[in-house]
Amino acid sequence: MRNTSAIVMASCLVAALCSHLLAQETRTFTSHALTLEDAPKYPADFEHLEYVNPNAPKGGTMRLFAIGGFDTFNPYVIKGDPAAGLVDRFYESLVRETEDDSLTGYGMVAGKIEVAEDISFVVYHLRPEARFNDGSPITSEDVVFSFNILKEKGQPFYRAYYGNVSEAIAVDTHTVKFSFSGEPNRELPQIVGQFPILSKAYWKDREFDQTTLDPPVTSGPYKIKDFEPGRFVVFERDPDYWAADLPINKGLWNFDVIRYDYVRDDDVAIEAFKSGEYDFRAESSSKKWATAYDFPALNEGMVRKEMLRHYRATGMPSFVFNIRKPKFQDWRVRKALGYCFDFEWSNKNLFYGQYTRSRSFFDNSDLASAGLPTEAELKILEPYRGRIPDEVFTTEFVVPKTDGSGNIRGNLREAIDLLTEAGWIVDNNQLVHSESGEAMVIEFLLVSPEFERIVSPFIQNLNRLGIKGQIRTVEQAQYINRRNAFDYDMITVVFGQSRSPGNEQRNYWGSESADAPGSFNFVGIQDAVIDELVEKVIEATSRAELIVASRALDRVLQWHYFVIPTWHINSDRVIWWDKFGRPAIKPAFGVGLWSWWLDPDKNERVESYRN
């Protein structure tokens, strides 16, 4: 009787605690998904995604490739070179976006989501059936542990992204509450559900911030079957995957095995593809797309090669200045060097006319600024007059243009005038600073030899101004280490953007991230105005407000000349051995590769050809 009374009393205390934690004066709403649109694309009772075949057969192998090597199975810390394929299908999170609805997070590990109307907290209710691949349940303690360890020891991205999450509480075994600080952020309840959920039991006796080749306990559709560092990693579909029958997964993850073979460089990779050593590749090089695939299997219909239109925001592909270096701290120097990049000549002679010049940090979306600021944008920008470039208010931002002939004398005259204003002079054919005597030397840090042919003409134009340009191409691990330590003059980066920018902007442009090793603030920006503009993007309460705030931020970033915009393309260039079935509908924001399946008849035809 005494034990029974104790159990009843304990149960009452737990119930009271839960009630206290969840009880709020603020009203809440509950949903199967959180969206930044007017409504999710898929209702609560949807049966499957639009871009899948729910009856797709399971089986077979998808063979892919990767460049370089790997030394860890933990992709969430800055140390090490993680194996390919870990992020896509290794760990589940509380919500998952789909390839045709990028502004919505659908309940994954969480079956139900409860949000305060004033956006002061969100409560995720976990599915009781959610499991790790060792059979142990996914609990709220695992969620809280994952959130805290990622903020504490994970990549700097997590600290910036979740900077306004004040607390994560395990209310009960299957209920987690996240409380928020600062101004209301309509994106935060959704994005706080995006981090990978790790097994607390697995990591309790391990160092999370160290490299590891112990296959971890995970929760996704695949687990590691076999590997050899530097050579291959093989994933096998988990036959006991707990979420296989959820509507969001029907028709996905159809291959029994996914294998990545590592090769030395991309030229080797192309030859391996043509000889049938792997099945699918996305081509990033315009030259290779135009010239490298004239081979019998393509001409005889065994291989398919297509450009698949996408509607993703392309962000800002660019040459990035490291303004931690004194030579790049004057905006006139940065603007001058932009005149030396001849995109039109490069597009005609190097890129086979495949690209469009980038201009905005939010290109290929309605978030990109154009023309002069609108009245709504001016309401944001006017308080900063005198603290941001005057041109923001008076002049449409454009990138330098040429006629594509290679004769850029006019642009070089503009450049030398700006450099002279900034205190640089030509002495004995070398550009030097008139006071310090420092010579202008710029090292371009590259990870791919493919980019050398693109940077070399740029360097030739720099040389005409007396600037000594150098190319340093290093292997992947060294590149990652130098990039994380901001040990470079210039690098090439794509600042990727979603259709709903938010907290990640702090990691791109925020002052706090400028000196954080491994952050994405590759430029080194520390500017109070930009910090405030980033917060206006984050705090936007509607789509209309978000568009205005993003355009205002875009204009200020543009006129500071932090980067030299390069180019983008609004299609995915993909080539594959024609052994797969594909759904009738392709998702708007991706290729939909994991909705493909092995077609037995096509596979037999291809394998007969290969043999």
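Modeller: Helices (H or I, at least four residues) and strands (E, at least two) are DSSP runs, numbered from the N terminus. This is a predicted model, in which local features need pLDDT of at least 70 and side-chain atom pairs count only at pLDDT 80 or more, while totals for chains, interfaces and linings use all residues. Residues are numbered from 1 along each chain as its sequence is written, and side-chain values use heavy atoms, with hydrogens and water left out.

Let us begin with H32, which is placed in the loop between β1 (28–31) and β2 (33–35). If we count a contact as heavy atoms within 4.5 Å and leave aside neighbours within four places in sequence, H32 touches P40, Y42, P43, A44, Y106, G107, G111 and I113. With A44 there is also a polar contact, that is, a pair of N or O atoms within 3.5 Å, where within protein one must be able to donate a hydrogen and the other to accept it, and where residues adjacent in sequence count only if both atoms are side-chain atoms: a polar atom of the H32 side chain lies 3.4 Å from the backbone nitrogen of A44. Y42, one of the contacts of H32, has the charged end of K41 over its ring, 5.7 Å from the centre; a charge sits over a ring if NZ of Lys or CZ of Arg is within 6 Å of the ring centre and within 35 degrees of the ring normal. Such an arrangement is also found at F486, where R324 lies over the face of the ring at 3.7 Å from its centre.

From here we can turn to strand β15 (residues 316–321), and for this we need the word buried, which means under 20% relative accessible area, with exposed over 50% and partly exposed in between (1.4 Å probe, protein chains only). Six of the six residues of β15 are buried, so the strand is largely enclosed by the rest of the structure. In a regular strand the side chains alternate between the two faces of the sheet.

The loop between α19 and β22 (563–565) holds Y561, whose phi is near 55°, a positive value in a residue other than glycine. Y561 is buried, at 11% relative accessible area. N364, in the loop between β16 (356–357) and α12, likewise has a positive phi without being glycine, near 65°, but N364 is partly exposed, at 31%.

An α-helix has 3.6 residues a turn, so residues three or four places apart point the same way. At the start of α18, a side-chain oxygen of D527 comes within 2.9 Å of the backbone nitrogen of V529.

Finally, there is an open sheet of four strands with mixed pairing, in the order β3-β12-β11-β10. Its edge strands, which each pair on one side only, are β3 (61–67) and β10 (222–228). Within this sheet, β11 (residues 232–237) and β12 (residues 257–263) pair in the antiparallel sense over five bridges, and V233 stands opposite Y260 in β12.

Definitions and conventions: Pairing = 2+ DSSP bridges.
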